[in-house]
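Have a look at it first, then read on.

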2 protein chains.
Amino acid sequence: MPQLDASQQILLDRALERMVRSGHAATPQRRLVAQELLASPCALTARQLADRLGAQGDRVGVMTVYRTLALLAEIGAAYVLHDHLSESAEAHYAFCSDRHHHHLICSACWGVWEVEGCGLSEAQVRVGDAWGFQVQSHSLDYYGLCARCATA
Amino acid sequence: MPQLDASQQILLDRALERMVRSGHAATPQRRLVAQELLASPCALTARQLADRLGAQGDRVGVMTVYRTLALLAEIGAAYVLHDHLSESAEAHYAFCSDRHHHHLICSACWGVWEVEGCGLSEAQVRVGDAWGFQVQSHSLDYYGLCARCATA
DNA sequence: ATTAATGCAAAACCTTTGCATAAAT
DNA sequence: ATTTATGCAAAGGTTTTGCATTAAT
């Protein structure tokens, strides 16, 4: 199983804690899925996650992975990505910290980096006022090439 | 067929022009799909578009709608929305102008408003520099309730 | 004439749902 | 004991692909 560094371990613990607090058990399978997702620098599909876990000897059924990902997304611990370019049907998932952040997404390798903090001004978030639109949340994704894919 | 006002007509013409310039014919069906999408204040699914056209007597096959939507998305004339809340499988599409803009998206009715201009600073777009990440584009979506859904 | 687009059917695909088993509280 | 979660199989539903027909250049 992939090793997590200290800060990742904290993120994992907090996600599992939120899971429990929302009324769901932190089962071994769910821990494995969350840990594998957290350890991956790139967004993964449900199938990929199941395959990786299986290759390590941690057999987790594909639909347990699906259900765990849905649960993680529900509690804000996973971000769902749909291919912006080729419109492929398969959803990719990235682990999310519990602080507000934005994402850098590499179009070549599905690599995801969290940009801490927000950077949007009050005025920017109030952009809907002119229409009487009540903005409740926002999502800012940056697409491009990561350092490694840019050189290759 | 839905009537377009003058500014919408310009947007439609420009989208069809881009279509032709990218090597695709502006067929009657494609015109109808683009026009119907442009006239709708809310994002629509492929099925909804086909149904609406059919109800008006403009029978357009569902897969022609699918292919037209893919084409519109490819040339930047349509924006693909995936349900952020319930993770429903069906994709919704909204017409896009050819100027850079962001979106207000009503979580209740799939209403979409274009926010003209960008509002992001140079520094905000350079957010990837610290990682050596080359940002090529970004997408900023505001979710919330439109004026009508907020009162209902 | 040659190329491109449509539309039907069928397939492919991802994802969800039933249900029995297994685990946990 | 009761509740919850897992996992297989099967179904569900959206989207894509082949292919013949039709339209357009």
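Before anything else, one term: a salt bridge here is a side-chain nitrogen of Lys or Arg within 4 Å of a carboxyl oxygen of Asp or Glu. Keep in mind, too, that this is a predicted model.

With that term in hand, how many salt bridges are there between chain A and chain B? The count is zero. Polar contacts are another matter: 14 residue pairs make them between chain A and chain B, counting pairs with both residues at pLDDT 80 or more.

So much for the pairs; now for the contact as a whole. Chain A puts in 36 residues, and chain B puts in 36 residues as well. The size of an interface is often given as the accessible area lost when the parts come together. For chain A and chain B, that buried area is about 3,100 Å², with 63% of it on carbon and sulfur atoms. On chain A's side, look for Trp131(A), Phe133(A) and Tyr142(A): this trio supplies 21% of the area that chain A buries against chain B, more than any other three residues.

Which elements of chain A give two or more residues to the side that touches chain B? They are the strands E1 (78-81), E3 (101-106), E4 (112-116) and E5 (134-145), along with the helices H5 (122-125) and H6 (147-151). E5(A) gives the most, with twelve residues. Sorted by class, this side of chain A has 21 nonpolar, twelve polar and three charged residues.

Stay with E5(A) for a moment. Eleven bridges join E5(A) to strand E5 of chain B (residues 134-145), and the two run antiparallel. Find Leu140(A) in the pairing and you'll see Leu140(B) of E5(B) standing opposite.

Now move over to DNA strand C.

A polar side-chain atom of Glu90(A) sits 3.3 Å from a phosphate oxygen of DNA strand C, while a polar backbone atom of Ala25(B) is 3.2 Å from a phosphate oxygen. Arg67(B) goes to a base instead: an N or O atom in its side chain is 2.4 Å from a base nitrogen. Helix H4 (62-74) of chain A, plus helices H2 (28-39) and H4 (62-74) of chain B, are the elements that give two or more residues to the surface near DNA strand C. By class, the residues of that surface are six nonpolar, five polar and five charged.

How values were computed. Residues numbered from 1 in each chain as written. Chains lettered and ligands numbered in written order. Predicted model: local features only at pLDDT ≥ 70, side-chain atom pairs only at ≥ 80, totals over all residues. Heavy atoms only, no water. Contact = heavy atoms within 4.5 Å. Buried area = accessible area lost by both parts, 1.4 Å probe. Polar contact = N/O pair within 3.5 Å; in protein donor to acceptor, adjacent residues only side chain to side chain. Helix = DSSP H or I, 4+ residues; strand = E, 2+ residues; numbered from the N terminus. Nonpolar A, V, L, I, M, F, W, Y, C, P; charged D, E, K, R; others polar. Pairing = 2+ DSSP bridges.
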